[in-house]
Amino acid sequence: MTVSLPLVVLLGFFAWGAVKFLGVRTWIVVLIALFSFWLSDTFLAPAIESGTRSGVDIVNGSHN
């Protein structure tokens, strides 16, 4: 059985766990989310997307 889970849901789960169990303050999570949102509009966005896709492909074991 294959379960498809968007990366954003997984990252949201880790953020919730960090706030709940590690004591990370909520404003830090919000600040990091805003930073990543603004970073996606820069020249680094294609490199970040490519690196993320490569990492997911490595974890999933798929090869193109």
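## Fold

Helices here are DSSP runs of H or I at least four residues long, and strands are runs of E of at least two. By that count, this predicted model has three helices and zero strands. Read along the sequence, the pattern is α-α-α. The chain is more spread out than a compact globule, because its radius of gyration is 14 Å, well over the 11 Å that the globule rule gives for 64 residues. The C-alpha trace spans about 40 × 35 × 15 Å along its principal axes.

## Confidence

The mean pLDDT of the chain is 83, and 91% of the residues score at least 70. Among the elements, helix 1 (residues 7-21) has the highest mean, 86. Helix 2 (residues 26-39) has the lowest, 84. Where pLDDT is low, the predicted coordinates should not be read in detail.

## Burial and surface

Of the 64 residues, 5% count as buried. The chain has an accessible surface of about 5,900 Å². Carbon and sulfur atoms hold 71% of that surface.

## The nonpolar patch

Helix 1 gives the largest share, nine residues.

Definitions and conventions
Residues numbered from 1 in each chain as written. Predicted model: local features only at pLDDT ≥ 70, side-chain atom pairs only at ≥ 80, totals over all residues. Heavy atoms only, no water. pLDDT = per-residue confidence, 0-100. Rg over C-alpha atoms; globule rule 2.2 N^0.38 Å. Buried < 20%, exposed > 50% of the residue type's maximum accessible area, 1.4 Å probe, protein only. Areas by Shrake-Rupley, 256 points an atom, 1.4 Å probe, with all protein chains shown as cover.
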